[in-house]
Amino acid sequence: MGFVQQILSLNLPKEHGNVTALTEFSEMWYGVFLWAVVSSLVFHLPAALLALATLRRHKMARFMPIAILLMSILGPLCGGVLTSAAIAGVYKAAGKKMIPLEALVFGVGQSFCVLVISFLRVLATL
């Protein structure tokens with residue numbers, strides 16, 4: 001109960017046990033960006049393997065897994081850099097410290113939002 005109340009009141013811990021908080025802009029940016037890249041790879045790798053297994057005999061579509069893997073890297077490099085910098089900039093401007101768990105949530109959240117938007121965009125074309 002204390003954990004939920006702590007999150008709802010936004011009094012996030014500055015240091016938790018042996019975990020040190022991220023205080024500099026570059027540390028916060030790198031933490032969020034790194035998790036965005038890793039989670040993007042985790043989301044795209046099964047899709048690329050599925051495409052490889054199902055399209056391996058197709059003349060042109062057999063190269064689709066390469067495009068999927070490229071997007072798993074190019075997406076965070078283009079959009080993830082900017083959104084991670086925006087998140088880190090807000091934290092720095094507010095004078096708050098970021099714990100690594102927050103960097104994980106923001107990084108995975110970015111990839112999850114891209115995943116949801118991608119599925120919704122496909123459904124809109126049907």
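From the N terminus on, the elements of the chain run α-α-α-α, and the chain has four helices and zero strands. Helices (H or I, at least four residues) and strands (E, at least two) are DSSP runs, numbered from the N terminus. The model is predicted: local features need pLDDT of at least 70 and side-chain atom pairs count only at pLDDT 80 or more, while totals for chains, interfaces and linings use all residues. Residues are numbered from 1 along each chain as its sequence is written, and side-chain values use heavy atoms, with hydrogens and water left out. Buried residues make up 23% of the 126 residues in the chain; buried means under 20% relative accessible area, exposed over 50%, and partly exposed in between (1.4 Å probe, protein chains only).

Helix H2 covers residues 25-55, 31 residues in total. From its first C-alpha to its last, H2 reaches 43 Å, close to the 45 Å expected at 1.5 Å a residue, where the expected span is 1.5 Å times one less than the number of residues. A kink of about 25 degrees lies at His44 in H2, shortly before the proline Pro46; the bend at a residue is the angle between axes fitted to the seven residues ending there and the seven starting there. Among the buried residues of H2 are Met28, Val32, Ala36, Ser40 and Ala51.

UniProt, in an unreviewed entry, places the feature "transmembrane region" at residues 32-55, 67-91 and 103-124. These positions are given in the numbering used here, feature names are shortened, and annotations may be inferred rather than shown by experiment. Residues 32-55 are 100% helix and 0% strand, with end C-alpha atoms 34 Å apart. Residues 67-91 are likewise 100% helix and 0% strand, and their end C-alpha atoms are 34 Å apart.

A nonpolar patch on the surface is formed by Leu41, Phe63, Ile66, Leu70, Met71, Ile73, Leu74 and Leu77, with about 730 Å² of accessible area together. Accessible areas come from the Shrake-Rupley method with a 1.4 Å probe; for residues, only the protein chains shown count as cover. Like charges are joined within 9 Å, and nonpolar side chains (Val, Leu, Ile, Met, Phe, Trp, Tyr) within 5 Å. Helix H3 (residues 64-94) gives the most to the nonpolar patch, with six residues. Leu77 lies in H3 and is partly exposed, at a relative accessible area of 46%.

Gly95 is in the loop between H3 and helix H4 (100-124) and counts as exposed at 62% relative accessibility. The C-alpha atoms of Gly95 and Glu24 are separated by 10.0 Å, although the two are 71 residues apart along the chain.

How values were computed
Patch = residues over 30% accessible without salt bridge, like charges linked within 9 Å, V, L, I, M, F, W, Y side chains within 5 Å. Salt bridge = Lys/Arg side-chain N within 4 Å of Asp/Glu carboxyl O.
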